[in-house]
Amino acid sequence: MLPAPAVFHFLWEVNLSTGAVKEGDSVRTFGSSFSRLVSYQPEESKATLSIQHAARQHQVVVQTTFVEPFDPIIGAQYIVLGEIEKAEGGDGVMVHARVLNCVDGVNLALLQRGVNEQRNYFRERGESKGDAATAATAAQPRAPL
Amino acid sequence: MQPEATEPEEDSVWEEPPSMLWGLDPMFNAFNRLYVKDILHMRESCQVSGIYFYNSHPIFKVDVLGTVVYKREREDFFCYGVDDGTGVINSLCWKDEQWREQGDPATLWARSFGSSTCEDFNPASELKKLRQAQHSSSHLEIGELLRVRGPVKTSRQQREIMASTYYKVSDPVMAVQISWMMEVPQLYRQCYDKPFHLDSSAQNIQGGSASYLLGRATRILKDFLKEKEVTRFRPYDVQDLLQPLVSRQSQKTASEQEPEAGPSSGPPTSFKQLRELLQKSLQILQDEGLVFRKVKCQDEVYHVTERDKDLLMAVRDILREDCRREKYAEKGCHILHILSSVRQRYSRNVSKAALVLVLKALECNSDIISTSDSHYTIL
């Protein structure tokens, strides 16, 4: 009845090929850094979040059917909470959003610290559940899509 | 009672601290900021339902901050599913009666002040604003941030939080969530993950540990008498049941006691303790009426009240005969009258508590019926 917990992930981790997330996982992730909410196609209910990290542009498509009416602020930072699905066309992933909140103005460095603090703690505790970092190392590498 | 090395996850080794000592743990009285994952997995206490254990700490209340991912509304309450990133838990949030609209006395009273000449303060509009603020604070939609504090309950095999306080948190730049994420691991490291150690002074509090031990001993005896459907027994027959309690106790206290002149710990002391424990437990069972000694003599024989057929028949016969008499025909016999008759006819040592149990048993069997609080008659 209750959905699965949505573990925090950074946008660049939301990628089936690294194994950090699996299809069907509930995640929450945030578009951040320089390019944020890049585009929104209301007819297709699709939004695109983007992030610059390690000199690469990462993008995630977000299905916004559950969170409409959605008032997009292009260029603002968003946090999305939803289920991972394979994107249409077979490349990359899509997040089927249950929650899409604008968090423009968030202190991203601090947010990353917070998430890492939580992950470090779980790692210390020696658990793999709820800890994306160890899950990534423990998971079998998947063939790139 | 408290093992030296606490391994709370090993059920076979770890024993709960006695409930009397839970108040010594500050976590018992605090709203603990546990991760939802831990709240869902903590084990329930065997002594008191509604109290849970995380890493040997007794937990009663929790404090959770998370996103609402599920909402169910009824007339009296909300049920919000709260997701903090590690787990999702339901929280039952009762609506506040006094902020309901229309027709409540406060509104009518306030409206009567509506035409007041004072311009600065208009009770009606202030009350309206207050009501709106209360409404927006408690009505949340999916995606909003909720803070919940309250005791944990297990209902229908699902854990949920019965919110004593809940409110919507306005967190536009995630500052609250970030500080929560930074703070909670610290709390875990400093408090929650440190095991609950009872220092030796607490363990030597004779009152606490002794009454706990006695409670357990009487429980063991009661269960034994019930399971084995015992009608009569001698102390010797049940002595061995209490042996494990005493040997554990003497191990503990021996390791912590300072060396003193007198009998050292070993078989003689533990046997004496066993006899003492047994005597005290049997006394409690007698006081409660569960057992009685029909004849007080050298041979200590205890009768289990509810299984003593002779006693039940005796009481029934008393009622049958006496209720024929005019004096008792209408109202029945008073319990004290029955008691004195039983003591004359059957045994001097039947206590009132024992008689109450007998009368209850007879009434359940539909042999007799109570005509008032303390009168009984034959059927």
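1. B:Lys71 is partly exposed in this predicted model, at 24% relative accessibility. Its salt-bridge partner is B:Glu141, with the closest N and O atoms 3.1 Å apart. The pair links distant parts of the chain. B:Lys71 sits in strand E5 of chain B, while B:Glu141 sits in the loop between helix H4 (123–138) and strand E8 (145–155). They are 70 residues apart. B:Glu141 is also partly exposed, with a relative accessibility of 45%. The value falls between 20% and 50%, so B:Glu141 counts as neither buried nor exposed.

2. A local pair comes next. B:Glu126 and B:Lys129 form a salt bridge at 3.5 Å, N to O. Both residues belong to helix H4 of chain B. They are 3 residues apart, about one turn of the helix. B:Glu126 is partly exposed, with a relative accessible area of 30%.

3. B:Asp299 and B:Arg234 make another salt bridge, their closest N and O atoms lying 2.9 Å apart. B:Asp299 is in the loop between strand E12 (291–292) and strand E13 (302–304) of chain B, and B:Arg234 is in the loop between strand E11 (232–233) and helix H8 (235–239), so the bridge ties together parts 65 residues apart in sequence. B:Asp299 is partly exposed at 34% relative accessibility. B:Arg234 is partly exposed too, at 40%.

4. Salt bridges with shared partners also build a network in chain B. Its members are B:Arg33, B:Asp63, B:Arg147, B:Arg149 and B:Glu183. Over all chains, the salt-bridge count is 19.

5. Now the interface. Chain B contributes 32 residues to the contact and chain A contributes 34. About 2700 Å² is buried between the two chains, with 61% of that area from carbon and sulfur atoms. There are 3 salt bridges across the interface. One of them joins B:Arg189 to A:Glu124 at 3.1 Å, N to O. Polar contacts across the interface number 7 residue pairs.

6. Which elements of chain B give two or more residues to the side that touches chain A? They are helix H2 (36–41), strands E5 (61–73), E6 (77–83) and E7 (88–94), and helix H5 (175–192). H5(B) gives the most, with 8 residues. By class, this side of chain B has 15 nonpolar, 10 polar and 7 charged residues.

7. Chain B as a whole: 14 helices and 16 strands. Of its 379 residues, 44% are buried. Among contacts in chain B with a separation of 6 or more, 63% involve residues 24 or more positions apart. The accessible surface of chain B is about 20800 Å², and 51% of it belongs to carbon and sulfur atoms.

Definitions and conventions:
Residues are numbered from 1 along each chain as its sequence is written. Chains are lettered from A and ligands numbered from 1 in the order in which they are written. This is a predicted model: local features need pLDDT of at least 70, side-chain atom pairs count only at pLDDT 80 or more; totals for chains, interfaces and linings use all residues. Side-chain values use heavy atoms; hydrogens and water are left out. Contact means heavy atoms within 4.5 Å. Buried area is the accessible area (1.4 Å probe) that two parts lose on being put together, summed over both. A salt bridge is a side-chain nitrogen of Lys or Arg within 4 Å of a carboxyl oxygen of Asp or Glu. A polar contact is a pair of N or O atoms within 3.5 Å; within protein, one must be able to donate a hydrogen and the other to accept it, and residues adjacent in sequence count only if both atoms are side-chain atoms. Helices (H or I, at least four residues) and strands (E, at least two) are DSSP runs, numbered from the N terminus. Ala, Val, Leu, Ile, Met, Phe, Trp, Tyr, Cys and Pro count as nonpolar, Asp, Glu, Lys and Arg as charged, and the others, Gly among them, as polar. Buried means under 20% relative accessible area, exposed over 50%, partly exposed in between (1.4 Å probe, protein chains only). Accessible areas come from the Shrake-Rupley method with a 1.4 Å probe; for residues, only the protein chains shown count as cover.
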